[in-house]
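User: I'm new to this one and would like to go through it slowly. Can you start me off with the terms I'll need?

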Amino acid sequence: MNSVQGLLAASVISIQNSCFTYPACQNCFSRLILDSRRFHCLKCGCTGEAKDVSYRYRLSLKIADTNDLFDITVFGTCLDPFFGITAENLQRYIQDFNQLSGETNTESSTRALVHAVETCFIGKRFIFGV
């Protein structure tokens with residue numbers, strides 16, 4: 001699954017979602033089901049305490065080369081250099097910011113992060129391993 005079949009030089013047209021991290025299973029990288037105290041992986045059955053959850057990047061993009069449009073999703077630590085931080089630390093910073101600022105509505109911090117990601121990626125050309 002991690003092997004690159006080819007390279008594609010393309011420009012980012014848009015960001016497809018506003019959630020750039022997800023709670024990830026350490027065994028199979030699937031999205032975890034979280035409640036306030038526990039997590040559970042539906043794919044491999046892994047369980048544990050919610051405080052021990054790790055996060056992973058997931059960036060869904062619409063990209064274009066000279067001929068076609070593509071919807072792609074970029075996962076994992078390859079995004080660390082672009083964000084300047086691991087997904088786990090970004091998630092913790094967002095949670096801490098919302099808690100310290102007393103935000104009950106996280107819309108403003110989400111909007112600020114989406115704007116930053118759009119500024120960083122939209123209109124830029126990258127080489128994607130597909």
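Analyst: Helices here are DSSP runs of H or I with at least four residues, strands are runs of E with at least two, and both are numbered from the N terminus. Please keep in mind throughout that this is a predicted model.

User: What does UniProt annotate over residues 9–95?

Analyst: The unreviewed UniProt entry places "domain: Replication factor A C-terminal" on residues 9–95.

User: Switching to helix α3, how many residues does it have, and how far does it reach?

Analyst: Helix α3 runs over residues 107–121, which makes 15 residues, and from its first C-alpha to its last it reaches 21 Å, close to the 21 Å expected at 1.5 Å a residue.

User: Which residues of α3 are buried?

Analyst: The buried ones in α3 are S109, V114, V117 and F121. They lie on the same side of the helix, because the arc they cover around the axis is only 135°.

User: And which exposed residues are on the face turned away from that buried side?

Analyst: That face of α3 carries R111 and H115, both of them exposed.

User: What covers the buried residues, then?

Analyst: The cover for the buried residues of α3 includes the strands β1 (7–15), β6 (54–64) and β8 (125–129), together with the helices α1 (80–83) and α2 (87–100).

User: Let's take S14. Where does it lie, and what does it contact?

Analyst: S14 lies in strand β1, and, leaving aside neighbours within four places in sequence, S14 is in contact with S60, L61, K62 and I122. The C-alpha atoms of S14 and F121 are separated by 8.2 Å, although these two residues are 107 residues apart along the chain.

User: What about L113, what is it in contact with?

Analyst: L113 belongs to helix α3, and, again setting aside neighbours within four places in sequence, its contacts are F20, L90 and I94.

User: New topic: how much space lies in the second largest pocket?

Analyst: The second largest pocket holds about 250 Å³ of space. It is lined by 16 residues, of which C19, T21, Q91, I94 and T110 are the closest to its centre.

User: Which elements give two or more residues to that lining?

Analyst: Those elements are β2 (21–24), α2 and α3.

User: Last one, what is phi like at G123?

Analyst: G123, which follows α3, has a positive phi, near 85°.

Key:
Residues are numbered from 1 along each chain as its sequence is written. This is a predicted model: local features need pLDDT of at least 70, side-chain atom pairs count only at pLDDT 80 or more; totals for chains, interfaces and linings use all residues. Side-chain values use heavy atoms; hydrogens and water are left out. The expected span of a helix is 1.5 Å times one less than its number of residues. Buried means under 20% relative accessible area, exposed over 50%, partly exposed in between (1.4 Å probe, protein chains only). The arc is that of the directions from the helix axis to the C-beta atoms. Contact means heavy atoms within 4.5 Å. UniProt positions are given in the numbering used here, feature names are shortened, and annotations may be inferred rather than shown by experiment. On a 1 Å grid over the protein atoms alone, a cavity is a set of points where a 1.4 Å probe fits but cannot get out, and a pocket is an open set with protein on both sides within 12 Å along at least five of seven lines; lining residues have an atom within 4 Å of a point. Grid points are joined across faces, edges and corners, and a volume is the space filled by probe spheres set on the points.
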